[in-house]
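Trainee: Can we go through this model together? I have a few quick questions.
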Amino acid sequence: MAEKRIPRRDDDDDDDEGSLLSRLGTDSPKPRMKFGGMFCNVEGAYENKTLNFDSFSPGSVRRSNTGGDTESVSNFSSVTDPELRHRNQPNRGHTVVYPSRGHGGRRESDRLIIKGGKIVNDDQSFYADIYVEDGVIKQIGENLIVPSGVKTVDAYGHIVIPGGIDVNTSLQAPQLGMSPSDDFYHGTQAALAGGTTMIIDHVVPEPGSSLLGAYDQWRDIADKRSCCDYSLHVDITRWHEGLAEELETLVKDKGVNSFLLYMAYKDRYQSTDTQIYEAFGVLRDLGAIAQVHAENGDIVQEEQKKLLDIGITGPEGHILSHPEEVETEAVYRAITIAKQANCPLYITKVMSRSAADVIAKARKNGMVVFGEPIAAGLGADGSHYWSKNWAKAAAFVMSPPLSSDPSTPDYISSLLSCGDLQLTASAHSTFSTAQKAVGKDNFTFIPEGTNGVEERMSIVWDKAVVTGKMDENEFVAVTSTNAAKIFNMYPRKGRIAVGSDADLVIWNTKETRIFSAKSHNLTVEVNIFEGMECRGCPVVVISQGRIVLEDGNLNVTEGTGRFIPRKAFPDYVYKRIKARSRMADARGVPRGNYDGPVHDVISMTKSVPSTPTTRGGQCPGKGMTGPARNLHQSGFTLSGTQMDDHIPRRTAQRIVAPPGGRSNITSLS
Amino acid sequence: MERNCKCWNREDELPVYLAGPVTTGPSQRHKSYGMFSSVEGAFDSKTIELDSYAEGRKGGRASRSGSRERLLDDGFGGEARGSRVTSTSEREDPGPGVGVPSPAAQERAAARVNGESERLLIKGGRVVNDDQSCYADVYVEDGLIKQVGENLIVPGGVKVIEACGRMVIPGGIDVNTCFQKSYLGVSPVDDFYQGTKAALAGGTTMILDHVTPQPGDSLLEAFEKWQEAADRKSCCDYSLHVDIPQWHEGVKEELELLVQEKGINSFQVYMAYKDLFQMTDTELYEAFLFLKDVGAVVMVHAENGDLIAQEQSKILGMGITGPEGHPLSRPEELESEAVFRAITLGNRVNCPVYITKVMSKSAADTVAQARKKGCVVFGEPITASLATDGSHYWSKNWAKAAAYVTSPPLSPDPTTPDHLHTMLACGDLQVVGSAHCAFSTSQKAIGKDNFTLIPEGTNGVEERMGFVWDKAVAMGKMDENQFVAVTSTNAAKIFNLYPRKGRIAVGSDADIVIWEPEKIKTITAKLQQSAMDYNIFEGLECRGGPFLVVSQGKVVFEEGKLQVQQGTGRFIHRKPFPDYAYQRIKTRSMMTGRQGVNRGMYDGPVYDVPPTPKYITPAPSAKTSPTTHQPPPIRNLHQSNFSLSGAQADDNVPRRSGHRIVAPPGGRSNITSLG
């Protein structure tokens with residue numbers, strides 16, 4: 001770390017940020033292929049598109065001029081006079097430096113130039129150099145003018161991709177009171193080693209406890225421990241009307257725009273259909289994304305009982321009690337509920353073929369639904385649950401379980417390639433063998449979770465890109481860009497563009513590595529991908545503009561990760577929802593009053609209340625069903641009125657964006 | 001029911017529906033097997049023994065058909081066996097099973113002593129069963145089919161009905177009616193008398209009615225109440241489904257009793273009607289498991305009641321109170337979702353599932369898809385969904401709109417009936433019911449200010465057969481055999497009435513319909529048998545209808561005139577484990593034994609966790625009760641448990657302190673009251 005920083009220390013160069021503009025004198029001997037590749041044969045076609053490369057990459061401007069095009073005179077003129085440019089340095093309006101935070105003092109502003117790589121975004125690939133300063137990408141183009149003393153990273157022969165975003169980790173969520181063996185420090189370290197530069201972790205509050213309290217706790221720990229940028233999902237472990245306020249606070253003030261509901265874990269986290277519907281309604285009004293852990297908890301519990309009764313206690317009981325169709329059913333139900341509530345839906349951990357099919361079909365029917373397969377589901381299958389080695393079998397325990405059908409990984413990667421599934425995550429949540437052994441006599445006590453945060457990118461590359469199912473652009477989309485879009489971090493994350501965060505990975509497409517518990521960066525002693533050979537691995541990983549992985553050496557600092565707040569109403573998700581809610585108004589039929597005879601039921605209405613009370617065979621405590629439902633109804637209308645005024649939401653947006661980070665993004669979008 | 005099985009045990013009494021094709025005749029009729037029977041005598045030793053009953057060939061009166069070879073061949077064996085058979089009939093057999101007078105048979109015999117023992121010969125018709133059609137005469141005596149074939153020898157003084165080449169089909173079986181189901185204490189206008197009258201007029205000779213006990217009522221008592229009412233009033237044979245309004249351990253005994261002693265083999269459970277009939281998935285699972293063990297068919301009313309309750313309150317909140325609120329609050333997706341869930345449950349439990357009232361395309365598709373995957377699932381569209389659509393809910397006429405209210409609602413998609421017919425024709429759906437549950441307009445008007453109070457149900461028992469013919473057979477989607485299958489035979493098979501019902505064969509009950517394919521009739525409330533003042537098919541033209549209906553061996557409908565007698569309907573016992581539904585299930589449960597993995601004991605280190613049982617909290621989320629309270633003491637245990645466990649994670653100090661922060665005492669208790 002230290003020796004890397006030293007070369008860039010000379011403060012004289014600070015003024016030299018004129019790097020924004022090109023050095024006039026430089027001419028590369030032969031013109032490189034420019035940004036657009038084959039799709040950009042019209043000069044300047046990108047000029048007034050969203051991402052304005054040219055305005056920041058004078059080298060190319062000059063070059064296109066020589067190409068015989070007379071364009072952007074203003075730009076050109078500004079380029080022509082470097083002296084003037086230097087004088088104008090101090091008020092470069094467009095470069096915004098993130099405010100250094102409390103502990104940020106140790107961080108030096110790194111300046112890097114990445115040379116010779118092929119930049120791969122989700123829409124196109126092109127050859128260009130990247131200049132990074134202050135954790136932000138400042139220039140992209142050829143023959144960049146950069147200040148002296150900038151560290152040069154050689155990317156010849158490799159591709160440069162936006163750092164991966166792992167949208168599903170549980171580095172802190174305890175199970176049965178046990179903390180995962182990989183916490184934020186080890187987990188993010190492993191993420192960076194695998195080319196993932198941002199994680200979104202799940203906040204799992206105890207059922208009934210305050211969401212805000214849990215959120216604060218997670219923030220606290222992650223700020224102290226995390227090595228890369230992070231954001232948080234909040235799980236709704238027990239829904240009730242009172243949560244609506246907390247959710248609003250989280251969305252509007254705390255920068256959380258995604259919440260997970262459980263359809264499984266009966267008697268612990270599971271929500272009923274009614275609760276899910278209500279929650280979806282509230283989340284839609286807030287502009288958040290409803291995530292669902294989709295498994296039918298009722299059936300799972302019954303199956304578990306049955307299996308334990310017939311004496312199956314080992315890890316194979318886990319997969320037997322979580323059959324594929326139970327997952328599929330819940331996915332189908334979640335989609336139905338979401339459709340009723342007109343709420344975007346995000347299915348975490350799509351593990352089986354049929355569940356993936358249901359999602360694909362729902363998308364074809366126009367549903368706004370996203371499916372997230374995970375590294376374990378793409379790289380392994382469920383045959384290991386029958387392993388004779390208890391520790392190995394137990395290591396695979398997670399919910400929904402890996403499918404025992406060996407063709408599943410292949411199928412899921414195909415759906416991922418064709419866009420039916422949108423992004424990959426890891427669902428990383430590791431427990432040591434000793435922790436897993438809590439369930440050695442009863443598989444229902446085995447803490448659930450597998451590793452995957454480190455292996456995710458390589459597995460996708462190996463299974464999908466190397467096999468020819470997807471191209472490098474799609475690879476970027478499913479590992480990073482789509483996640484950024486869905487969770488409203490785009491284009492700050494998930495794209496290599498001027499103004500985006502400098503989370504970059506230089507990816508070696510050829511090199512292979514072998515996953516093993518011996519060599520991975522986790523504390524857990526097993527790796528479910530043990531012995532698997534994968535082509536494609538990161539050579540250099542840059543997080544927040546600093547090199548954290550180079551030459552195989554990981555160089556991270558605990559606590560450097562920043563919390564990335566996310567605004568509500570991500571366009572990628574909510575544009576359609578908004579339009580639909582305008583369209584989908586049910587109307588009544590105006591009729592005259594019915595004036596015919598009416599059968600007299602007054603004497604019978606007495607029998608009506610008797611029916612609900614008798615219903616309570618299983619739940620003796622709830623005699624007063626009638627009033628309870630009234631509460632419900634009133635709650636429903638209340639949320640409706642809140643939704644009516646869009647004004648608070650706008651204020652919320654202002655609050656969400658911290659002055660430093662946000663203004664940067666604003667200028668981009 | 002036991003009588004039944006005895007009947008078929010004897011070789012002589014095999015369900016022979018057709019006498020051998022003997023006898024020469026001027027015009028050569030189509031013989032038994034059509035094009036697939038190229039090998040002479042290939043069927044001789046098969047299950048259905050034709051020749052043993054072909055006495056007709058001896059007399060050779062009508063002598064109409066037959067190849068010469070066959071004639072010779074039959075000449076021999078016919079002599080020997082024929083004599084035996086004739087002697088049997090000469091014995092003036094008291095019942096169908098020779099010399100096995102079961103109580104039921106005795107009863108019937110007693111009834112016949114009253115001078116109504118009718119002997120009928122249906123001549124010149126084309127007998128259509130679900131597997132084949134052929135020309136044959138049918139001789140009926142004592143309410144049973146005694147002979148099927150040509151040139152039958154019958155005693156003198158037999159009433160002869162000339163079918164004149166019309167189709168002779170097994171009487172229809174309507175598997176879903178509610179003639180007795182009261183709503184808020186209001187009884188349907190069509191009771192067992194009116195309802196079965198209408199059924200007979202439409203060519204349906206047997207109904208299966210739903211016993212709908214209120215939650216908390218005894219199933220047995222409700223069953224007896226229904227049986228009593230039906231015995232008094234019903235004009236045709238009937239059987240009963242029993243609905244399970246709520247699931248608890250106590251129900252099991254009653255169910256077992258009903259299956260073992262009362263002759264019920266089908267029970268309905270509800271996924272809708274929240275806080276009334278609805279069951280949670282756990283309850284459904286347990287119910288399925290139990291019903292599978294007793295060998296019953298599980299019928300499911302498939303709609304997601306939780307969401308319906310939400311949608312209803314939303315729509316009422318928007319100020320929509322008319323009948324259009326009914327389909328708006330029960331969109332198609334909720335039906336298909338519930339169908340999907342029911343099938344998943346059925347598949348997990350390995351239990352046959354029968355979906356009542358398939359009303360929408362997507363629900364039907366879900367059923368079809370599951371069948372393709374090998375699930376044992378049956379789907380029942382109803383008359384209303386096959387003949388009309390849900391556009392009428394938006395009618396300006398409140399009474400008309402309300403008349404269509406049924407659950408699941410008719411789909412507003414006008415292509416639905418067509419789609420359902422196609423799926424019936426190809427076998428993806430199996431049976432047609434009517435869900436006949438008729439409430440008059442004034443009864444429907446209970447819900448004039450709130451659509452959720454409108455009593456649910458439409459008519460359809462009378463129109464059922466006609467519309468299937470009109471929309472499927474007359475359109476060329478379905479052939480006459482499939483028509484018989486979906487209106488009668490499949491139902492008989494699924495509910496274990498076959499071959500007593502649902503087939504024209506020797507030994508079967510004489511529930512016979514002579515079908516007139518070209519008869520055109522305009523449906524109207526004025527001309528119907530039902531007591532309802534509105535007919536949802538009002539004004540629709542329907543081709544095809546019964547020409548003559550024979551129920552229990554008596555002509556009850558002829559030339560548009562109905563001659564029925566209240567209380568003649570018999571309760572038909574049904575045995576559990578119908579082969580049609582359970583054969584596969586049985587095999588599968590033998591095949592799918594689950595085995596664990598034999599491993600040595602795990603002897604590695606085990607993380608120390610405080611006693612875990614505390615962690616499993618009592619159900620916070622029974623599906624139907626969103627407002628269940630959490631007992632506070634348990635919550636407190638929870639908290640202490642939590643922090644303890646934190647203390648045990650020795651290695652990560654910061655994390656541990658974090659745990660304690662998770663549960664601030666103040667916030668916790670605050671939430672508790674809400675959750």
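Trainee: Which feature does UniProt place at residues 167-556 of chain B?
Mentor: The unreviewed UniProt entry places "domain: Amidohydrolase-related" there; such annotations may be inferred rather than shown by experiment. This is a predicted model, where local features need pLDDT of at least 70, side-chain atom pairs count only at pLDDT 80 or more, and totals for chains, interfaces and linings use all residues. Residues are numbered from 1 along each chain as its sequence is written, chains are lettered from A in the order in which they are written, and side-chain values use heavy atoms, with hydrogens and water left out.
Trainee: How far apart are the end C-alpha atoms of that span?
Mentor: They lie 17 Å apart, and residues 167-556 of chain B are 39% helix and 17% strand. Helices (H or I, at least four residues) and strands (E, at least two) are DSSP runs.
Trainee: Switching to chain A, how many of those does it have?
Mentor: Chain A has 24 helices and 18 strands.
Trainee: And what share of chain A is buried?
Mentor: 64% of its 669 residues, with buried meaning under 20% relative accessible area (1.4 Å probe, protein chains only).
Trainee: Which residues have the most contacts inside the largest nonpolar core?
Mentor: Phe259(A), Phe280(A) and Phe475(A), in a core of 152 residues. A nonpolar core is a set of buried Ala, Val, Leu, Ile, Met, Phe, Trp, Tyr and Cys residues joined through side-chain atoms within 4.5 Å. Helix α11 (residues 324-341) of chain A gives the largest share, eight residues.
Trainee: What does Phe259(A) touch?
Mentor: Its contacts (heavy atoms within 4.5 Å) include Val234(A), Leu283(A) and Gln291(A), not counting residues up to four places away in sequence.

Notes:
Buried < 20%, exposed > 50% of the residue type's maximum accessible area, 1.4 Å probe, protein only.
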